[in-house]
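Please read it alongside the sequence and the structure.

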Amino acid sequence: MAAFHFNPRLIKKHRSYLVPEAASACGVTSHTVYRWIKSGLTVCEDEGLTLILGRNLQPFLIQMRGRRKQRCGPGQLFCMRCNSPRVPIGRSATYRPKGATTGMLLGRCGQCGTPMFQACSLRKLIEVRLHLDVSMTNASPDIVDGSESLTNDDFPEGAN
Ligand SMILES: [Zn+2]
């Protein structure tokens, strides 16, 4: 995957780029730009030419950069202050259910102590618990139901 370390703010909002121009402005290959187009970058067709407007390109790049940054590894939460994924203090977190199958995972950044939180499904919680010591809070009867059906799905009883 082509890493780009350039500043998306350098893209000029009011100009339009041909694919090779966009590629060189971003320091990537044209092939990469075509991949971006496939994955949702808006283009304009003008007399057979594919044009990318700076005002579309810039937010796309910012969004894509953010998406990559926010991809937390197992056992990590995203710290807004550090602006990167962090392992919580004591490798511990709290799960606060928000419904039958989803909730929030809360912890404190091991680096700076800032509270961190992110949405986490009960299904994902199983994986998180392999990496973190997760305590449950505000468990409601709904959640018990949810985790029971989850357990049944994952470990069918009587399947010898
Ligand atoms: Zn932090």
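β2 and strand β3 (residues 49-53) pair in the antiparallel sense, over three bridges; two strands count as paired if DSSP finds at least two bridges between them. The model is predicted: local features need pLDDT of at least 70, side-chain atom pairs count only at pLDDT 80 or more, and totals for chains, interfaces and linings use all residues. Residues are numbered from 1 along each chain as its sequence is written.

**The three-stranded sheet**

- Within β3, leucine 51 is the bridge partner of cysteine 44.
- Both strands belong to an open sheet of three strands, ordered β1-β3-β2 with antiparallel pairing.
- β1 (16-18) and β2 (44-46) are the edge strands, each pairing on one side only.
- From one strand to the next, the twist averages 40°.
- Helix α1 lies across β1 and β3 and runs at about 100° to β1; axes are lines fitted to C-alpha atoms, for helices over the stretch in contact, and angles run from 0 to 180 degrees between N-to-C directions.

**Overall composition**

- The chain contains five helices and nine strands, where helices (H or I, at least four residues) and strands (E, at least two) are DSSP runs numbered from the N terminus.
- Of the 160 residues in the chain, 20% are buried; a residue is buried if 20 or more other C-beta atoms lie within 10 Å of its own, exposed if 12 or fewer, and partly exposed in between, with C-beta atoms placed from the backbone.
- Among contacts between residues at least 6 apart in sequence, 51% join residues at least 24 apart; a contact requires C-beta atoms, placed from the backbone, within 7 Å.

**Nonpolar cores**

- The largest nonpolar core has 13 residues, of which Ala22, Ile52 and Leu57 touch the most other members; such a core is a set of buried Ala, Val, Leu, Ile, Met, Phe, Trp, Tyr and Cys residues joined through C-beta atoms within 7 Å.
- α1 (19-26), α2 (30-38) and α3 (54-69) are the elements that give two or more residues to this core, and α1 provides the largest share, five residues.
- Leucine 57 touches Ile11, Tyr17, Ala22, Leu41 and Ile52, not counting residues up to four places away in sequence.
- Apart from this core lies another, of 11 residues, among them Cys79, Ala93, Leu105 and Val134.

**Alanine 119**

- Alanine 119 lies in strand β8 (residues 115-121).
- Alanine 119 counts as exposed because it has 10 C-beta neighbours inside 10 Å.
- Not counting residues up to four places away in sequence, alanine 119 touches Thr102 and Met104.

Terms used. Two residues are in contact if their C-beta atoms, placed from the backbone, lie within 7 Å.
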